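Hi there,

Here is the structure I promised to pass on. My notes follow below it.

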Amino acid sequence: MFTSKAIDMVRSALQDNDGEDGDVLRVGVRGGGCAGFQYSLNFGKDIDEEDILTLVDDVKVVIDPFSALYLKGTSLDYVESNQGAGFKFNNPQARRTCGCGSSFS
């Protein structure tokens, strides 16, 4: 699930790069980070056969099956604070997160 602010920021980033990096938002997890897994967000052009494709408003979002297991029920927000601005994952499955908020276990 994406908050309206998050999807607005994704849409804005897609317009800013004019499709150069791709027109699909890939959401996933990968090994690493101080808590075991790291969240990943990037734009791409390719959709693999196994990927799960979802249309959020007018934005194509893909997730690979491995990441889908770890991100079930997760919401993505865009937050602005005194420390800066960026995307924030709210993952109900995370048992532990790190201080930077970009990794979990």
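A word on terms first: two strands pair if DSSP finds at least two bridges between them. Helices (H or I, at least four residues) and strands (E, at least two) are DSSP runs, numbered from the N terminus. This is a predicted model, in which local features need pLDDT of at least 70 and side-chain atom pairs count only at pLDDT 80 or more, while totals for chains, interfaces and linings use all residues. Residues are numbered from 1 along each chain as its sequence is written, and side-chain values use heavy atoms, with hydrogens and water left out.

Let me start with the hairpin. Strands β5 (residues 75-81) and β6 (residues 84-90) form it, with two residues between them. They pair in the antiparallel sense over seven bridges, and Asp77 has Lys88 in β6 as its bridge partner.

Now the rings. Rings of Phe, Tyr and Trp (its six-membered ring) pair if their centres lie within 6.5 Å; planes under 30 degrees apart count as stacked, over 60 as edge-to-face and the rest as tilted. That rule gives five aromatic pairs. One of them is the tilted pair of Phe37 and Tyr70, at 4.6 Å centre to centre with 40° between the planes. Phe37 sits in strand β2 (residues 37-44) and Tyr70 in helix α2 (residues 65-71), 33 residues apart. Tyr39 and Phe89 are stacked, at 4.0 Å and 5°. Because Tyr39 lies in β2 and Phe89 in β6, this pair ties together parts that are 50 residues apart in sequence.

Tyr39 counts as buried (under 20% relative accessible area; exposed is over 50%, partly exposed in between; 1.4 Å probe, protein chains only), at 10% relative accessibility. Phe89 is buried too, at 13%.

Best wishes
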